[in-house]
Every structure is written in structure tokens, then in C-alpha cells.
Amino acid sequence: MSNSLPEQTKTPAPAGVFTLVITGAPYSSQAPQTALQFAHAVLAANKRIDRVFLYGDGVHLASSLSSPPSDELNLSEAWAAFLAENNIPGVACIASALRRGLVNESERQRYELTASNLRAPFEIAGLGEWVDSTASESRVLYFHKGG
């Protein structure tokens with residue numbers, strides 16, 4: 001009798017479906033801009049993006065209050081337009097969002113805040129959205145601060 005474990009086989013994720021996780025903040029990291037360039041390349045290659053998940057400082061990308069100088073790319077607007085045009089869900093982690101002052105209308109009411117600042121089409125949701133992506137057949141790519 002052999003003590004070796006049976007060889008595990010795992011079907012690799014299909015090469016054409018991606019979930020993007022952005023953890024780097026706009027304007028203090030290259031992560032959102034690099035991820036946007038990658039996302040355009042994915043669609044240009046007739047591949048698909050399952051969803052974009054914002055975590056940690058990456059949630060600042062979903063703020064409607066960012067206002068960079070007019071000669072700079074407004075990454076929040078660029079991402080919002082890209083997601084809307086391509087019908088891709090953009091999800092900000094609720095715990096990260098609340099810690100960083102990003103709220104939608106329902107969270108504004110829940111915490112009795114004076115304003116909401118979530119830019120459409122982004123939505124706020126729990127880590128379950130991210131877990132769904134990792135459990136799905138998509139390849140998950142992370143864009144961290146500094147990269």
C-alpha cells in the first residue's frame with residue numbers, strides 16, 4: 001500500500017475570462033491606470049471581464065468627489081465610463097469603503113451621514129462578490145500599490 005496522495009488535477013481557468021482586483025489608490029499608485037489599460041486590452045482581444053473588485057485604497061477609484069487637474073486623466077470617470085460601456089460590474093468592498101469615507105445612498109442613511117459619494121455604475125458589496133469571482137472560472141488578477 002502506498003502512502004502517496006492521489007495526484008490532484010485541477011482544471012485551469014479559461015484563458016478568456018478575468019476578474020480584476022485593484023488595491024492601489026488612484027494618483028498615489030499606478031494600479032488603477034495599469035488595470036484600465038489591461039482591461040481595454042482584454043476586450044480588444046475578444047476576452048471577457050467578469051467584474052472589477054476594489055479593495056483597500058482601491059475603493060477611492062469609485063469616489064464621485066475626486067477632481068484631478070483638467071490636464072490629467074480622471075481615473076474615476078474613465079473607469080466608470082469603461083464599466084458602463086461594457087456592462088461590467090464594478091464592486092467596492094463595503095468594509096474598505098466605509099473606512100475610507102466612500103458611501104452609497106443606503107449607507108449614508110444607515111450611518112446618518114450628510115452625503116453619499118459613490119460614482120455610478122460602481123456598487124458597494126461584501127467580500128462575497130470577491131469570493132464568487134475566485135470560485136468562478138475566471139482568472140483573478142491583482143493590481144496592487146506600486147504595480
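The model is predicted. Its secondary structure comes to 5 helices and 5 strands. Along the sequence they follow the pattern β-α-β-α-β-α-α-β-α-β. Of the 147 residues, 39% count as buried. Among contacts between residues at least 6 apart in sequence, 77% join residues at least 24 apart.

- The 5 strands form an open sheet in the order 4-3-2-1-5, and the pairing is parallel.
- Strand 4 (123-125) and strand 5 (139-143) stand at the edges, each with a single partner strand, so one side of each has no neighbour in the sheet.
- Neighbouring strands of this sheet are turned by 30° against each other on average, direction ignored.
- Strands of a sheet pair through backbone hydrogen bonds, in either the parallel or the antiparallel sense.
- Strand 1 and strand 2 pair in the parallel sense over 6 bridges.
- Within that pairing, Phe-18 stands opposite Ile-49 in strand 2.
- Strand 2 (residues 48-54) and strand 3 are also parallel, with 3 bridges.
- Val-52 has Gly-90 of strand 3 as its bridge partner.
- Strand 3 and strand 4 run parallel and are joined by 3 bridges.
- Ala-92 has Ile-124 of strand 4 as its bridge partner.

**Helices on the sheet**

- Helix 2 packs on the sheet and touches strand 1 (17-22), strand 2 and strand 3.
- The direction of helix 2 makes about 145° with that of strand 2.
- Helix 5 (residues 128-135) packs on the sheet too, touching strand 1, strand 2, strand 3, strand 4 and strand 5.
- The direction of helix 5 likewise makes about 145° with that of strand 2.

**Buried strands**

- In a regular strand the side chains alternate between the two faces of the sheet.
- Strand 3 (residues 90-93) is covered on both faces.
- Gly-90 and Ala-92 are buried on one side of strand 3, and Val-91 and Cys-93 are buried on the other.

**Helix 1 against helix 2**

- Helix 1 (residues 31-44) and helix 2 (residues 75-85) pack at an angle of about 25°, with their axes 11 Å apart.
- Angles under 35 degrees count as roughly parallel, and that makes helix 1 roughly parallel to helix 2.
- Helix 1 passes helix 2 in a left-handed crossing.
- Helix 1 contributes Pro-32, Gln-33, Ala-35, Leu-36, Ala-39, His-40 and Leu-43 to the contact.
- Helix 2 meets them with Leu-75, Ala-78, Trp-79 and Phe-82.
- By class, this contact has 9 nonpolar, 2 polar and no charged residues.

**Backbone exceptions**

- Most residues other than glycine have a negative phi, and most peptide bonds are trans.
- Tyr-27 is not a glycine, yet has a positive phi of about 75°.
- Tyr-27 sits in the loop between strand 1 and helix 1.
- Glu-112 also has a positive phi, near 55°, and is a residue other than glycine.
- Glu-112 lies in the loop between helix 4 and strand 4.
- Glu-112 is exposed, because its relative accessible area is 72%.
- The peptide bond from Ala-120 to Pro-121 is cis, with omega near 10°.
- Pro-121 is found in the loop between helix 4 (105-110) and strand 4.

**Pro-89**

- Pro-89 has its place in the loop between helix 2 and strand 3.
- Pro-89 is partly exposed, with a relative accessible area of 36%.
- Leaving aside neighbours within four places in sequence, Pro-89 is in contact with Asp-50, Arg-51, Val-52 and Leu-83.
- The C-alpha atoms of Pro-89 and Phe-53 are separated by 8.4 Å, and the two residues are 36 residues apart along the chain.

Terms used: Residues are numbered from 1 along each chain as its sequence is written. This is a predicted model: local features need pLDDT of at least 70, side-chain atom pairs count only at pLDDT 80 or more; totals for chains, interfaces and linings use all residues. Side-chain values use heavy atoms; hydrogens and water are left out. Axes are lines fitted to C-alpha atoms, for helices over the stretch in contact, and angles run from 0 to 180 degrees between N-to-C directions. Helices (H or I, at least four residues) and strands (E, at least two) are DSSP runs, numbered from the N terminus. Angles under 35 degrees count as roughly parallel, over 145 as roughly antiparallel, 65 to 115 as roughly perpendicular and the rest as oblique. A crossing is left-handed if the near helix is turned anticlockwise from the far one by less than a right angle, and right-handed if clockwise. Contact means heavy atoms within 4.5 Å. Ala, Val, Leu, Ile, Met, Phe, Trp, Tyr, Cys and Pro count as nonpolar, Asp, Glu, Lys and Arg as charged, and the others, Gly among them, as polar. Buried means under 20% relative accessible area, exposed over 50%, partly exposed in between (1.4 Å probe, protein chains only). Two strands pair if DSSP finds at least two bridges between them.
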